[in-house]
Amino acid sequence: MKTQNYLRWSLPAGFLLAVAALALAVWSYGYRQALDSLAERSAADLALASDRVSTQLQVYQELAVLTVEHPALADLSAPAARAQAAELLRSVADKTAALDVFFAGPGGRVVAAAGGVTGASVAREGYFIRAMQGALGTGHGVLQPDGKRAYFYAAPAFAADGRVRGALVVVADVADVEQTWRGSLPAVFFTDESGEVFIANRSELLFWRQPQADGVPRVTARRMHAGHEIWSLQGSPYLPQRALHLTVGLPVIGMTGEILVDVAPARRIALLQAAALAAVCLAFGAILFFVMERRRTLAEANAVLESRVAQRTRDLSAANTQLRREVGERMEAEAALKRAQQELVQAGKLSALGQMSAGISHELNQPLMAIQQYAENGAAFLARGKAERTGENLGRIADMAARMARIIKNLRAFARNESEPMGRVDLVQVITAAAELTAPRLKADQVALGWDAQAYRDPVYAWGGEVRLTQVFVNLINNAADAMQGQAEKRIAVSIGTGARLQVRVQDSGPGIKEPEKMFDPFYSTKAVGSSEGMGLGLSISYGLVQSFGGNIRGTNTGGGAVFTVELEPWRETGQKDDAA
């Protein structure tokens, strides 16, 4: 028992450990992928910021190179020339927003300046020394006493003999350069060769020294993850606690561009991926555990049931034998019932044919007599040589023969046992056939049938069987005629209504339905007992036939007679399948 409990709980524990290991692996992989993507975007941001700084400082470099060749700076030995040069330099500084523009002689002393202050010496400045060597000098520093950060460009001025006679220095305001991109990107800063931050889009990073990164903010840890340098920072609410650190060298301005990008989104993405995988695995594991527990419970219950099943097998075998016998009897009874139903439907049709036989005989006898008469007339006309009159009689004989053929065709279709599957049936054609079948009887009883097939230009297709639907409407028309026996005015109106379900209305001018709740019961009839008018099965058979088509039939009183409404499913061209009748 202890071994079973151990195995029962050791599998879930091992599964949880496996899920934890898999989630950790997914987190590591997702974090690495997110860092790679973040590094690409951050490198593009750093390149953009570096280009902005270099481009904006490049303006001052070009300014120095272009202005040094101005004729006003060619000879500054006279006071008037120096005053004119100062005026020029002041105009240049005003137009370019430079902090200062000045010209220093070969000894490093300022002889003309935009600010008007001369006499100061820049002989020891690196940018001036470089300019005196005939190259473009650059440098940066903090101006005193206002503490403004400045970047210097010194362009050498050559004499006619090729010697350097001085240098024009343009002092750029670094704070003005920062204004265009401050705060628009993650933390971006530029450090000089000593590792001190001189340009940044975060003010708290200014004069922050690298690589020690002392002061506030403070770097507490540097580590590599998947080839990326990650810094842990403290002390600043405007910098991320964990940041991706990237660098790029900018030899044009003598600095190194650096960027700090928050890695929290990358960690969240990796965590979500790991959590989603863990949730799926745990859900699957829970389902598997419950299935195993259920199987174990079922196995235990099955062991108990097997002993009981063995005891009751003989009883069940005997019951099964008895059940087979009963099933066989029920199947035989159902087959007999179906045969009886089919015979009943056929009996109803034959009963209707019996009622219509006298009228149909008259309908057939009348054209036969006419055919005989036309034949005799045709023979007489032929003997006299009147071929035209003979042709007319023969044409009338053909018309009468076609009329008799139509009557016989309808009788044969109505009388046969329909075994065709249900399908598309034209209601207009079905009702027209029913009207032709009942026409002799209605004519004999002087019943007016209101049915105009010409009013329906297009076929109205329904789902059903053509012969069985014809029987339904023959029954309804005959029942309506029976109900109006002894009345002076006898009218039957048949109409088709279209919509979601097709509706055929058969309305009469009779006395109405005496007991609506019983009208569809088998053998229910309001006719005299023993009459030859029927067995009371017409409406019951019609009800069963319409139900087999998926339709419905109902009868109501209108106050001036009764109306029977047959509802049928319309035929649908697509998705319709024929079922066996």
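**Aromatic pairs**

I looked up aromatic pairs and found that the structure holds six. I counted rings of Phe, Tyr and Trp (its six-membered ring) as a pair if their centres lie within 6.5 Å, with planes under 30 degrees apart taken as stacked, over 60 as edge-to-face and the rest as tilted. Y151 and Y153 make a tilted pair, because their ring centres are 5.2 Å apart and their planes stand at 55 degrees. I then checked accessibility, where buried means under 20% relative accessible area, exposed over 50% and partly exposed in between (1.4 Å probe, protein chains only). Y151 is buried at 1%, and Y153 is buried at 0%.

Next I took F189 and W208, an edge-to-face pair with 6.1 Å centre to centre and 80 degrees between the planes. F189 is in strand β6 (residues 187-191) and W208 in the loop between β7 (197-200) and β8 (218-225), so this pair ties together parts 19 residues apart in sequence. For helices (H or I, at least four residues) and strands (E, at least two) I used DSSP runs, numbered from the N terminus. F189 counts as buried at 0% relative accessibility, and W208 counts as buried at 3%. With W231, the residues F189 and W208 form one aromatic cluster.

**Notes on the model**

The model is predicted: local features need pLDDT of at least 70, side-chain atom pairs count only at pLDDT 80 or more, and totals for chains, interfaces and linings use all residues. I number residues from 1 along each chain as its sequence is written, and side-chain values use heavy atoms, with hydrogens and water left out.

**Charges over rings**

I looked for charges over rings, meaning NZ of Lys or CZ of Arg within 6 Å of the ring centre and within 35 degrees of the ring normal. R222 has its charged end over the ring of W231, 4.6 Å from the centre. R424 lies over the face of Y461, and here the distance to the ring centre is 4.2 Å.

**Salt bridges**

I searched the whole structure for salt bridges and got ten. The test was a side-chain nitrogen of Lys or Arg within 4 Å of a carboxyl oxygen of Asp or Glu.

E87 and R90 form one of them, with the closest N and O atoms 2.6 Å apart. Both residues lie in helix α2 (residues 79-96), three residues apart, about one turn of the helix. R90 is partly exposed, at a relative accessible area of 31%.

R491 meets E489 in a salt bridge of 2.4 Å, N to O. R491 counts as partly exposed at 42%, as does E489 at 46%.

R501 and E569 meet in a salt bridge of 2.5 Å, N to O. R501 is in the loop between β15 (491-497) and β16 (502-508) and E569 in the segment after β18 (562-568), so the pair ties together parts 68 residues apart in sequence. R501 is partly exposed at 28%, and E569 is partly exposed at 22%.

**Helix α2**

I checked the length of α2. Its 18 residues should span 26 Å at 1.5 Å a residue, and the end C-alpha atoms are 26 Å apart, which agrees. The expected span is 1.5 Å times one less than the number of residues.

I listed the buried residues of α2 as A81, A85, A86, L88, L89, V92 and A93. Seen down the axis, they fall within an arc of 165 degrees, so they line one face of the helix. That arc is taken from the directions from the helix axis to the C-beta atoms. The face turned away from the buried side carries the exposed residues P79, A80, Q84, D94 and K95. A97 follows α2 and has a positive phi, near 65 degrees.

**Backbone entries**

I found a cis peptide bond from Q144 to P145, with omega near 10 degrees. P145 lies in the loop between β3 (137-142) and β4 (149-158).

F207 is not a glycine, yet its phi is positive at about 65 degrees. F207 sits in the loop between β7 and β8, and is partly exposed at 38% relative accessibility.

Q446, also not a glycine, has a positive phi of about 60 degrees. Q446 lies in the loop between α7 (427-444) and β13 (448-450), and is exposed, with a relative accessible area of 70%.
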